[in-house]
Each structure stands twice: as structure tokens, then as C-alpha cells.
Amino acid sequence: MIRKLTLTIALLSALALNTVAQTGPYVPTADNLAARKKFQDLKFGLFIHWGVYSILGAGEWVMYEKKIPYDSYKRLAGFFNPQEFNAKEWVQFAKKAGMKYITVTSRHHDGFSMFGTKMSPYNIVDATPYHKDPLMELAKECEKEGIELHFYYSLLDWGRPDYAFGSPIVNGKPEKGDWDSYIKFMKDQLTELITKYPAVKGIWFDGHWERKNANWHYDEIYGLIHKLNPAILVGNNHHLEPIDGEDFQMFEKDLPGANTTGFSAESKIGKLPLETCETINNSWGFNITDRSFKSSKQIIHYLVNSAGRDANFLLNIGPMPNGKIQSEFTDTLAIVGDWVKKNGESVYNTRGSTMPPQPWGVMTANGKTLYAHITTTPGESYIFIPQMKEKVTKAVLLNGGGTVKFKQQPEGVFIYTNGLTMDPIDTIIKLTVN
Ligand code: FHN
């Protein structure tokens, strides 16, 4: 009873803070800076897209793509009953794969809240026969297991009248709808997410790109989040350079610096910690016909290539509507997990800004220990590491520990690969420098 009262008071005082805007440029607190560093150390996370759309097995954009009228789409909530959902299983799945954090959709563009919210009846507790809050279970399990939790939160909403999807933007607001009401609604929901759920370490915004000219009131939204918990990491998938008030920068379906998908044309790499997200097949939400599964090798390469570009890798899966994760994903990620168990020291806690990517692969570094990841077998019998300022004192194969011949010159270091048994996935050479 007392605990409930304390929680209610905490929530009410948090709601009172709702009008606070950030004044002046954002100065992250020491706790926030420590959280950023920890985040960079984690390196590998699990992205989860799960919602009522999962029932239709055609991805999270199914309503839009199949032109389902919103009122018809809303009926899906009546059949959403993920009896097989088990937070423990999800967290164990992530841990087994070597992932250290989870980013889960709390509300996607369809506006359905996957958590118990007082701010909209269209949520999993009130609108489905399930009547439970899976994100609370997940948050508790993450806290217990030492896994950090980030909430994906959509700025775009296809259904709410105050958002007025499709309405032209005039003077920073949609012509129709009620923009102030929508901004307030988001702040109230974010307050719930930050104050009620344990283990929450980040908010992952998405959907900005749908209304590039709108005034999203980020000063207020980010200000509120940091007021409620200064250590929370704010990121926004706006595909631009970071905006004041953000704590990390993300890239979608591309490594930082690349733009093969067209999302990153305007996105310059800023100074914040980086993250890149990619799908395990070609879909974010559960897609029953999508069988273009990435191999364990492709996933490991994505992880290594992200780390070598100083970015975390957030790998997405779309669980099934019953809450289970399909076997193709569990099988592949178990193999990835085995690799990470053996080679994790060359990824976790490392930084990847030592050397730009080379034709043969990338470098990661942890203090005086560097790791050359040879992911493409070189044409010659050596690899060349340019611009090495420190003196290399030792070179060994990470797996097996055998010494590796090298020659250091002013322009860089030659590492000789002849005689080495090359690993078809990643030959990792561990270098000690002083
Ligand atoms: O439209 C979304 C999409 O459904 C998914 O959530 C991805 C994840 O990065 N982001 C958006 C597209 O930019």
C-alpha cells in the first residue's frame, strides 16, 4: 500500500515536471557520461519489434501497406493474446547470443502501446484479452539479469486524431489535429516509461522523418527525460546529425559512414556514441513469408564491422504474435553466441576509432591491446595497418595464441599471414602496444 502510494506520488510529481523545457545547450551530467561509456562497452544489443501487427505476419507497416482502415486495424487488439510470452526466455535468448542490452518497441507507428498506460486505452493491458504488461515483465527480468533496456518510442502515429496523420505542416504544426495535445500525450507516456519501469536506460525515438518540418518540441521532451533521469540515453532515428539534447546517434540498416539504403544521405557522423541497427531477415516486425535470413557469419561480420567503426550493433528480430521467437533466429543466434563467447574480448569494451576500415577488415582497441579483425582474406601474404603510432611489442592469434610475425615501419605495421591458419569468419590478431 505504502509502496503504491510512493509510486503514485513519484508519478504525479514527475507529471508536474512535464512542462519543463531544457534551457540553453544541453550539458550531460556525470552519470549520463558514465552511462554513455557503459553503453559503448556493451557493443551488442537485441532490437525487438513486437505489436498487434505481428498477428498479420507481414511486418509492422502492414496497416499502411495494405491500406487497412484504422478502425478495422484496431480490431487486432481484440485477438492479441500472447500467452507464450516469457520475459525470462527473451532475456536468456539475448544473453546466449552475447547481447548486453535490449531495445523493444513500446509503441510503434500504429499507435498501439505495448505497455500499461493511463494515457490511452489502446494498450496491451486494457485493449487485449491478455490484460498483462509484457514490458514490465521484461524490465524486471532485465534488471534481474543485468541487461540494459531501451524503449523504442514512435513519434509518428497513424491513428490518433491529435497527430492527424497526412495533414500538411504549417508553422511547425499539422493543419488539422491538436499538436499541443499530441506533444503532451507523448510526454505523459514517456514519463510513465521512465518512472515506472526498472532497468530503463534509454529512449529510442523514431518517425521524425515523417514530419521533418514539424516543431517536435525536443527541448521539452529531451529536457523532461533528463529531468526525470539524467542518466537516460536519448537517441533519435531522424537520420540527421545529432540534435542538442541527444546522447547517442543511430544509423539504420547501414554502418556509420555508409548509405546503401538511402536513409543516411543527410546523416553525418557526430561526436556521440554510435549505434547501427539491422534486421535478421528483411523485416522488423514478424513476417511469415520473409525467409531471407542472414547467416551467423553475416551477423558476426556486422558486429565486427560496427565495432571497428566505433558503433554498437543492434540486431533486430520480430517475435511471433504468441510471444515466441522463431527457431531460425534462435538457431543462428546460438552460433553467434558461441563465437562471441570465444572472441568477445575483441569486441566488448573496445573502441573502434584506431584506424579507418581497410580492405582486409577493421581494428578494435581496448587500452594497450589492439585487435586486427581479418574478415576478408588478403590477396598478399600480409596485412598492412597504416598510421600506427604506438610501438607493437607482441602479436598473437587470439584463438590459439600462436605468435604472428610482424614488421613495424614509420608508415605502419605489416602483419604476415603466411603460415597462419586463416579463420573463414574472422582471423583475429591480438597486438600489444606500449
Ligand atoms: O518505420 C520504421 C520501421 O518500421 C522500423 O521501426 C525502423 C527501425 O529502424 N525505423 C523506421 C524506419 O526508419
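## Ligand site report

The ligand takes up the space of the second largest pocket. A pocket is an open set of points on a 1 Å grid over the protein atoms alone, with protein on both sides within 12 Å along at least five of seven lines. A molecule sits in one if more than half of its atoms lie within 2 Å of its grid points.

This is a predicted model: local features need pLDDT of at least 70, side-chain atom pairs count only at pLDDT 80 or more, and totals for chains, interfaces and linings use all residues. Residues are numbered from 1 along each chain as its sequence is written, and side-chain values use heavy atoms, without hydrogens and water.

Around the ligand are 14 residues, each with a heavy atom within 4 Å of it. His-49, Glu-60, His-109, Asp-206 and Glu-252 come nearest. By class, the shell has six nonpolar, five polar and three charged residues. Here Asp, Glu, Lys and Arg count as charged, and Gly is among the polar ones.

Polar contacts are pairs of N or O atoms within 3.5 Å.

| Residue | Distance to ligand oxygen |
|---|---|
| His-49 | 2.7 Å |
| Glu-60 | 2.5 Å |
| His-108 | 2.9 Å |

The protein covers 96% of the 330 Å² of accessible area that the ligand has on its own (Shrake-Rupley method, 1.4 Å probe).

The C-alpha atoms of the chain fill a box of roughly 65 × 50 × 50 Å along the principal axes.

Definitions and conventions: A polar contact is a pair of N or O atoms within 3.5 Å; within protein, one must be able to donate a hydrogen and the other to accept it, and residues adjacent in sequence count only if both atoms are side-chain atoms. On a 1 Å grid over the protein atoms alone, a cavity is a set of points where a 1.4 Å probe fits but cannot get out, and a pocket is an open set with protein on both sides within 12 Å along at least five of seven lines; lining residues have an atom within 4 Å of a point.
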